[in-house]
Amino acid sequence: MYAVLIEVDVTGVDPEEGLRALQEQIVPAIRQLPGFQSGTWLTGNEDGRGLSLTLWDSDQHARTMAERFGPGSSPTASASVVRCEVRDVAATA
């Protein structure tokens, strides 16, 4: 199993609008991608950085996700991806 860790700058995003876009657009779109296993999305912190961790069935599917939502991409109009990493999953509980 493989994980994609994404950090997003959400400083310019209205929290309510951002949450709505996440729940109604972003998560459903990612859920439909081949190889998706599960995901967790965290709200922005005091520095305006949100995180997501998604799990994928193969390295190729994880890398496809990372290419689609890599640094510089914008999952919503006022948010931008600042970090994206693909890693092997060592353990889950």
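Visitor: What should I know before I start?

Guide: The model is predicted, so local features need pLDDT of at least 70 and side-chain atom pairs count only at pLDDT 80 or more, while totals for chains, interfaces and linings use all residues. Residues are numbered from 1 along each chain as its sequence is written, and side-chain values use heavy atoms, with hydrogens and water left out.

Visitor: In what order do the four strands of the open sheet lie?

Guide: Strands of a sheet pair through backbone hydrogen bonds, either parallel or antiparallel. Strands here are DSSP runs (E, at least two residues; helices are H or I, at least four), numbered from the N terminus, and two strands pair if DSSP finds at least two bridges between them. In this structure the order is β2-β3-β1-β4, with antiparallel pairing. β2 and β4 (80–88) are at the edges with a single partner strand each, so one side of each has no neighbour in the sheet. On average, neighbouring strands are turned by 15 degrees against each other, direction ignored.

Visitor: How many bridges join β1 to β3?

Guide: Eight bridges join this antiparallel pair, β1 and β3. D9, in strand β1, stands opposite R49 in β3, and Y2 stands opposite W56 in β3. Between β2 and β3, also antiparallel, there are six bridges, and L42 has L51 in β3 as its bridge partner. The hairpin of β2 and β3 has six residues between the strands, and there G48 takes a positive phi near 75 degrees.

Visitor: Which residues does D9 touch?

Guide: Contact means heavy atoms within 4.5 Å. Leaving out residues up to four places away in sequence, D9 touches G48, R49, S78, A79, S80 and V82. By contrast, D9 and V89 are 25 Å apart in space, C-alpha to C-alpha, and 80 residues apart in sequence.

Visitor: How do I read the aromatic pair?

Guide: A pair of aromatic rings is described by the distance of the centres and the angle of the planes. Rings of Phe, Tyr and Trp (its six-membered ring) pair if their centres lie within 6.5 Å; planes under 30 degrees apart count as stacked, over 60 as edge-to-face and the rest as tilted. The structure holds one such pair. The ring centres of F36 and W56 are 5.5 Å apart and the planes are at 75 degrees, so this pair is edge-to-face. The pair links distant parts of the chain, F36 in strand β2 and W56 in strand β3, 20 residues apart.

Visitor: What volume does the largest pocket have?

Guide: Rolling a probe the size of a water molecule over the atoms shows where empty space is left. On a 1 Å grid over the protein atoms alone, with a 1.4 Å probe, a pocket is an open set of points with protein on both sides within 12 Å along at least five of seven lines; lining residues have an atom within 4 Å of a point. Points are joined across faces, edges and corners, and the volume is the space filled by probe spheres set on them. Here the largest pocket has a volume of about 480 Å³. Its lining has 26 residues, with V10, G18, L22, L42 and G50 nearest the centre. α1 gives the largest share of this lining, six residues.

Conventions
Axes are lines fitted to C-alpha atoms, for helices over the stretch in contact, and angles run from 0 to 180 degrees between N-to-C directions.
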